[in-house]
Amino acid sequence: MSSIKRALISVSDKTGIVEFAKFLANSGVEILSTGGTAKLLGDAGIRVIEVGDYTGFPEMMDGRVKTLHPKVHGGILARRDLPHHSAAMQKHDIPPIDMVVVNLYPFAATIAKPGVTFDDAIENIDIGGPAMVRASAKNHAFVAIVTDVADYDHIAAEMKANRGSISDYTRLQLAKRAFAHTAEYDGMISTYLSSLEVDADGNTNRRTFPDKLHLTFTKAQDLRYGENPHQDAAFYVEKHPAAGTLANYKQLQGKELSYNNIADADAAWQCCRGFNVPACVIVKHANPCGVAIAYDTLTAYQRALETDPTSAFGGIIAFNQEVDGQTAEAVAKQFVEVLLAPSFSAAAMQVFRAKQNLRLLTIPVAPMVNDVDMKRVGGGMLVQSSDDFDVSQLKVVSKRQPTRAEMNDLVFAFRVAKFVKSNAIVFCRYGMTLGVGAGQMSRVDSTKIAAIKAKNAGLSLKGSVAASDAFFPFRDGLDVIAEAGATAVIQPGGSMRDDEVIKAADEHGVAMVLTGMRHFRH
């Protein structure tokens, strides 16, 4: 174990640093510090030695040069087990530094600000901080490097328990986090700079897709296996996942999540969270097999289940509002793998306690964000902007205008089709799916399957509406939809045979709305 006798503290995020520094000072640790951190600690009554006084070399150039000094880096990098290192320290009056507490300039927060200038971004690139972090992490056998405010309490507890010392194990764990921290930091800088274009006047413009894309994910958990039992798997999450995304889930009960559970839960939640009224989405093998909106969660669930009760067996169910006791009692009657919602009432939790294998997840509801989608391919990655649906672009192209009720259902159906694997056809009526055709190589086959699904569930398609995720290449798909009983259709349009398809709609007396936007999902 290594005893902590001298610590250097220089932090941008000052959360909890006064309390931690007080603990160190009260433990007999000499504290070196810089700039704003030194002032903060001094104002709190903590004895601090300014780095400039320590090195005998003043801070200069607006703080760009302060810790880049042999007396700092020599004290950090010296190996205490090598006599010639100890001799060099003694010759040049370099005391050892046993702990370095550093977090870096807020580069990510700076470039996230609207209208941030290039100069502001550059000034928030830390130099001395990463140098100290890396030096400390390299020499972790003798130096404890602390880069995360969440570690303060643990370190203080360990020092209390070990008479001011920190174990070899802990110092190694801190070093791992430190190198990950600087790698992520450098990656952010590289990604930002490679996204910039400079015009003839020297103005910088930021592109959506940089030349270099650095991604950092942290393992949240190991999984029992992947899509199949012979595949190993793990779940990784972003450092700061967007609010309301699956990575923010909290599991209340049930077995450990599997690879497929997480994938299907994400599909269900992404579809469900887009509605602003009570909604229920049931997913099986990444496809919605039942979706409904209603005035309450119980009715939404009952209507979603009615679409395809056979496929719903062993499915994933998502609600966008709190699940109450009545809804819980209804859901508990079927076999469900995962149930997710923003919250569960006390009555609902009482019901589900009898089904301990049921995985219950809560996810906070938050506004949708314009993020990017990524897909791994052999030797590379595809990156695209998010698939957003703009209802203001709808255009009626048929002779018959859709009724208000039909238009509401058409928008609902197209929202659902966005989450169905292509080729996708979705029949709906009164905010409830009636038949879903997914993942077929032929659009007309998806149409026939959707109609067959509705028939098998005992649901009539008379007076329904239908959504297609992409244009109809021929009129045959439209003919099948009309013959099944649908009175209105929504589709992107854009086929060379659009006139033929629109003519077919008019022949059947079907209202047709074009979105100008397709929703392929592979």
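F344 and F352 are both buried, meaning under 20% relative accessible area with a 1.4 Å probe and protein chains only. The model is predicted, so local features need pLDDT of at least 70, side-chain atom pairs count only at pLDDT 80 or more, and totals for chains, interfaces and linings use all residues. Residues are numbered from 1 along each chain as its sequence is written, and side-chain values use heavy atoms, without hydrogens and water.

**Aromatic pairs**

A ring pair is described by the distance of the centres and the angle of the planes. Rings of Phe, Tyr and Trp (its six-membered ring) pair if their centres lie within 6.5 Å; planes under 30 degrees apart are stacked, over 60 edge-to-face, and the rest tilted. The count comes to seven aromatic pairs. Two of them are listed here.

| Pair | Type | Centre to centre | Angle between planes |
|---|---|---|---|
| F20 and Y152 | stacked | 4.6 Å | 0 degrees |
| F344 and F352 | edge-to-face | 6.0 Å | 90 degrees |

F20 lies in helix 1 (residues 17–26) and Y152 in helix 9 (residues 152–161), so their pair ties together parts that are 132 residues apart in sequence. Helices are DSSP runs of H or I with at least four residues, and strands are runs of E with at least two, numbered from the N terminus. F20 and Y152 are both buried. Elsewhere, ring pairs link F107, Y185 and Y192 into a cluster.

Six strands form an open sheet in the order 12-17-16-15-13-14, with mixed pairing. Two strands pair if DSSP finds at least two bridges between them. Strand 12 (250–253) and strand 14 (287–293) are the edges; each pairs on one side only. Strand 15 (residues 315–319) and strand 16 (residues 336–341) pair in the parallel sense over four bridges. I316 has V338 in strand 16 as its bridge partner.

Terms used: Buried means under 20% relative accessible area, exposed over 50%, partly exposed in between (1.4 Å probe, protein chains only).
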